[in-house]
Amino acid sequence: MDAYIPISCDFHDRLEALATLRQTCQIVYRNQANEVIEVEDWIVDVYAANQADFLKLKDGTEIRLDRIVTVNGEPVSYCID
């Protein structure tokens with residue numbers, strides 16, 4: 001697996017807020033094969049594991065945060081060193 005690139009704290013906070021609101025979200029992300037996947041589901045958890053951050057959807061799908069392209073049309077933003 002490639003090195004994790006941290007997302008911005010603001011974007012992370014937005015993901016946690018969406019999880020709290022239990023609203024259906026449109027999420028576009030790249031899977032392990034680098035294919036673009038689009039799903040519509042609830043975010044049930046945002047968590048850290050194995051030196052990376054992830055979100056878990058209601059259907060059980062787990063997505064590493066730096067693989068996300070957009071959430072509800074908003075592009076992911078990354079931490080700037």
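A single aromatic pair is present in the structure, which is a predicted model. The pair consists of Y47 and F54, whose rings are stacked, with 5.6 Å from centre to centre and 15° between the planes. Rings of Phe, Tyr and Trp (its six-membered ring) are taken to pair if their centres lie within 6.5 Å, with planes under 30 degrees apart counted as stacked, over 60 as edge-to-face and the rest as tilted. F54 counts as buried because its relative accessibility is 14%; buried denotes under 20% relative accessible area, exposed over 50%, and partly exposed the range in between, for a 1.4 Å probe and protein chains only. A further ring is involved in a contact with a charge: K58 lies over the face of W42, at 4.3 Å from the ring centre. Such a placement requires NZ of Lys or CZ of Arg within 6 Å of the ring centre and within 35 degrees of the ring normal.

In this predicted model, local features need pLDDT of at least 70 and side-chain atom pairs count only at pLDDT 80 or more, whereas totals for chains, interfaces and linings use all residues. Residues are numbered from 1 along each chain as its sequence is written, and side-chain values use heavy atoms, with hydrogens and water left out.

The strands are arranged as an open sheet of six, in the order β4-β3-β2-β1-β5-β6, with antiparallel pairing. Helices (H or I, at least four residues) and strands (E, at least two) are DSSP runs numbered from the N terminus, and two strands pair if DSSP finds at least two bridges between them. Strand β1 (residues 24-30) is joined to strand β2 (residues 36-49) by seven bridges in the antiparallel sense, and V39 of β2 is the bridge partner of I27. These two strands form a hairpin with five residues between them, and N34 in the turn adopts a positive phi of about 70°. On pairing with strand β5 (residues 68-71), β1 is again antiparallel, here over three bridges; Y29 stands opposite I68 of β5. Between β2 and β3, which also run antiparallel, there are six bridges, and D45 is found opposite K56 in β3.

The largest nonpolar core comprises 21 residues, and those with the most contacts inside it are L15, I27, I43, L55, L65 and V71. A nonpolar core is a set of buried Ala, Val, Leu, Ile, Met, Phe, Trp, Tyr and Cys residues joined through side-chain atoms within 4.5 Å. At least two residues of this core are supplied by each of α1 (9-21), β1, β2, β3 (52-57) and β5. With neighbours within four places in sequence set aside, I43 is in contact (heavy atoms within 4.5 Å) with L15, L18, A19, C25, I27, L55, K56 and L57. L18 belongs to helix α1 and counts as buried because its relative accessibility is 13%. Beyond residues up to four places away in sequence, L18 touches Q23, C25, I43, V71 and N72. The C-alpha atoms of L18 and V46 are separated by 9.9 Å, although these residues are 28 apart along the chain.

Four salt bridges are present, each defined by a side-chain nitrogen of Lys or Arg within 4 Å of a carboxyl oxygen of Asp or Glu. One of them is formed by the side chains of R67 and D2, at 3.9 Å from N to O. This pair links distant parts of the chain, with R67 in the loop between β4 (62-64) and β5 and D2 in the segment before α1, 65 residues apart. R67 is buried at 19% relative accessibility, whereas D2 is partly exposed at 47%. Another salt bridge joins E74 to R14, the closest N and O atoms being 2.9 Å apart. Because E74 lies in strand β6 (residues 74-75) and R14 in helix α1, the pair ties together parts that are 60 residues apart in sequence. E74 is partly exposed, with a relative accessible area of 29%, and R14 is likewise partly exposed, at 36% relative accessibility. The side chains of D66 and R64 also meet in a salt bridge, at 2.6 Å from N to O. D66 is buried at 12% relative accessibility, and R64 is buried with a relative accessible area of 7%. Through salt bridges that share partners, D2, R64, D66 and R67 are joined into one network.
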